[in-house]
Amino acid sequence: DLSSCRWMDGTQLYDAAIDFLQDYWHGMMAEVRAFYNYVDWQEPFIFYLFVFHASVFAVVIITRKRSVVQSLLFFSILGLTLCARMINDWCIKNYRTFTKHAYFQQSGLFISVMFSGPLLLCAFALLINFLVEAFNLLVQVKTEQLRRKKGRDAEDKKIKRT
């Protein structure tokens with residue numbers, strides 16, 4: 001029965017949205033704390049994973065002026081991210097060979113947070129760098145076009161004077 005529906009005014013809607021966001025934030029922070037407490041941060045596997053991500057990020061920074069290398073790196077990162085599900089499936093079966101804890105689940109939360117997430121941040125940094133390079137090239141091309149047009153206009157004025 002639609003006649004029993006009451007519409008909220010702006011203040012009630014705002015208060016409901018704030019309550020929802022606060023509840024969502026507190027729930028999310030509880031999940032983050034639970035994840036943080038679950039991981040054994042002293043484990044060599046976790047350390048090497050961080051070294052891997054630090055190395056990838058360093059290569060992203062060092063090669064920022066080499067677009068071909070960055071393109072290869074970008075597609076390699078996306079390929080690794082695409083393979084994360086297969087990597088996760090392998091890790092579910094073989095985790096005892098490199099870690100003491102069964103971090104990997106079918107949901108893929110661990111591999112998403114600890115493997116794919118940082119790689120996607122690096123891919124995003126590469127994408128931003130591509131956009132900056134494209135912008136700089138556009139500025140260079142337009143500057144050159146304006147310089148040539150100015151030179152042609154000056155030549156046209158000389159021709160008209162004579």
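His 53 lies in helix α2, and in this predicted model the residue counts as buried, at 9% relative accessibility. Since the cut-off for buried is under 20% relative accessible area, His 53 is placed in that class by its 9%. Leaving out residues up to four places away in sequence, His 53 touches Met 114, Phe 115, Pro 118 and Leu 119.

Now for the neighbour in sequence. Phe 52 also lies in helix α2, but Phe 52 is partly exposed, with a relative accessible area of 30%. Not counting residues up to four places away in sequence, Phe 52 touches Leu 80, Phe 115 and Leu 119. Phe 115 and Leu 119 turn up in the contacts of His 53 as well. For a sense of reach, take Phe 52 and Arg 161: they are 109 residues apart in sequence and 68 Å apart in space, C-alpha to C-alpha.

The buried residues of α2 are Phe 45, Ile 46, Leu 49, His 53, Val 56 and Val 60. These cover an arc of only 105° around the axis, which puts them on the same side of α2. There's a simple rule behind that kind of pattern: an α-helix has 3.6 residues a turn, so residues three or four places apart point the same way. The face of α2 turned away from its buried side carries the exposed residues Tyr 48 and Ile 62.

So what does the buried side pack against? The buried residues of α2 pack against α3 and α5. With α5, the helix packs at an angle of about 10°, and the axes are 9 Å apart. That makes α2 roughly parallel to α5, because angles under 35 degrees count as roughly parallel. Quite a few side chains take part: from α2 there are, among them, Phe 45, Leu 49, Phe 50, Phe 57 and Val 60, and they meet α5 residues including Phe 110, Met 114, Cys 122, Ala 125 and Leu 126.

Buried here are Gln 70, Leu 73, Phe 74, Ile 77 and Thr 81. Seen down the axis of α3, the buried residues fall within an arc of 105°, so they line one face of the helix. On the other side, Val 68, Leu 72, Phe 75 and Leu 82 are exposed. What covers the buried residues of α3 includes α2 (44–62), α4 (84–94) and α5 (109–161).

Helix α4 has Ala 84, Asn 88 and Cys 91 as its buried residues. They cover an arc of only 65° around the axis, which puts them on the same side of α4. Arg 85, Met 86 and Lys 93 are exposed on the other side of α4, while its buried residues pack against α3 and α5.

| α2 | Phe 45, Ile 46, Leu 49, His 53, Val 56, Val 60 | 105° | α3, α5 |

**The core**

The largest nonpolar core has 23 residues, and those with the most contacts inside it are Ile 46, Ile 77, Tyr 103, Phe 104 and Phe 110. Two or more residues come from each of α2, α3, α4 and α5. α5 gives the most to this core, with eight residues. Phe 110 has contacts with Phe 35, Val 39, Phe 45, Ile 46, Tyr 103, Phe 104, Gln 105 and Phe 115, leaving aside neighbours within four places in sequence.

**Two more spots**

Is Ser 116 buried or exposed? Ser 116 sits in helix α5 and is buried, with a relative accessible area of 9%. Leaving aside neighbours within four places in sequence, Ser 116 is in contact with Thr 81, Ala 84 and Ile 111.

Arg 64, in the loop between α2 and α3, counts as partly exposed at 42% relative accessibility. Beyond its neighbours within four places in sequence, Arg 64 is in contact with Gln 70, Asn 129 and Glu 133. Arg 64 and Lys 142 are 78 residues apart in sequence and 23 Å apart in space, C-alpha to C-alpha.

Note on methods
Residues numbered from 1 in each chain as written. Predicted model: local features only at pLDDT ≥ 70, side-chain atom pairs only at ≥ 80, totals over all residues. Heavy atoms only, no water. Buried < 20%, exposed > 50% of the residue type's maximum accessible area, 1.4 Å probe, protein only. Helix = DSSP H or I, 4+ residues; strand = E, 2+ residues; numbered from the N terminus. Arc of directions from axis to C-beta. Contact = heavy atoms within 4.5 Å. Core = buried A, V, L, I, M, F, W, Y, C linked by side-chain atoms within 4.5 Å. Axes fitted to C-alpha atoms, helices over the stretch in contact; angles between N-to-C directions. Parallel < 35°, antiparallel > 145°, perpendicular 65-115°, else oblique.
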